[in-house]
Amino acid sequence: MLLSPFSRLSIKVERKITFMLLISMIILMSIMRFFDSQMQNTATAKGIIYFELAKDLSKSEAILNSWNTLAKTSAGMSMGFDFLFLIVYALFIALLIHKLNEYLWKHSKVYTFGVILIWSVFLAAFFDIIENIALIKLLLGDLQQKWSSIAYYFAVSKFTLLLFGIIFIIISSIILFFKKIILKK
């Protein structure tokens, strides 16, 4: 049987870890948004996301050429913080999936799917590492199509896996909400 990496945690420890991860995520997101604001211009209205999803070397070069020294430094700092952020978001999302999975789906077929999603979130974080390395190579001047392609495909894969996890959290949360309402009646 496939197990969640959080299956041995007590509820008290889960709560503490969840709270610490939430606070850490908020802090890191604020820092990264600050750096992202330094990168936004007409070529990159959405900041680093445009760079991640450039796909073609010509688009990557256009983004890099649109950035001044401050923007390039901010991009590097953002990617540096992203190495920490990917650990925090992966643990936070995976822990939320685990909590909902244990509470709602423990004795159903959905439970195994939830555990697979937990491990998929960690795979998404690994994809984020590969994407960051490719973007850093481009930022440092190793302008090759393979780095744009690697960044693009690993970013798309990362976002897809995370989307499945977030959808699971949303749907499970809605079900939990209605279950609690029904139980109160």
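Helices here are DSSP runs of H or I with at least four residues, numbered from the N terminus. A pocket is an open set of points, on a 1 Å grid over the protein atoms alone, with protein on both sides within 12 Å along at least five of seven lines, and its lining residues have an atom within 4 Å of a point. Please keep in mind that this is a predicted model, in which local features need pLDDT of at least 70 and side-chain atom pairs count only at pLDDT 80 or more, while totals for chains, interfaces and linings use all residues. Residues are numbered from 1 along each chain as its sequence is written, and side-chain values use heavy atoms, with hydrogens and water left out.

Let's start with the second largest pocket. The largest share of its lining, six residues, comes from H4. This pocket holds about 370 Å³ of space, where a volume is the space filled by probe spheres set on the grid points, joined across faces, edges and corners. In total 17 residues line it, and Glu 14, Lys 99, Leu 100, Glu 102 and Tyr 103 lie nearest its centre. H1, H4 and H6 are the elements that each give two or more residues to this lining.

Now turn to the largest pocket, with a volume of about 730 Å³. Its lining has 26 residues, and Met 29, Met 32, Ile 49, Phe 85 and Phe 159 are the closest to the centre.

What about the packing inside? The largest nonpolar core has 31 residues, and those touching the most other members are Met 25, Phe 85, Tyr 89, Ile 93, Ile 97, Val 121 and Leu 162. Such a core is a set of buried Ala, Val, Leu, Ile, Met, Phe, Trp, Tyr and Cys residues joined through side-chain atoms within 4.5 Å, buried meaning under 20% relative accessible area with a 1.4 Å probe, protein chains only. H1, H4, H5 and H6 each give two or more residues to this core, and H4 gives the most, with 13 residues.

Note on methods: 1 Å grid on protein atoms, 1.4 Å probe; cavity = no way out; pocket = protein on both sides within 12 Å on 5 of 7 lines; lining within 4 Å. Buried < 20%, exposed > 50% of the residue type's maximum accessible area, 1.4 Å probe, protein only.
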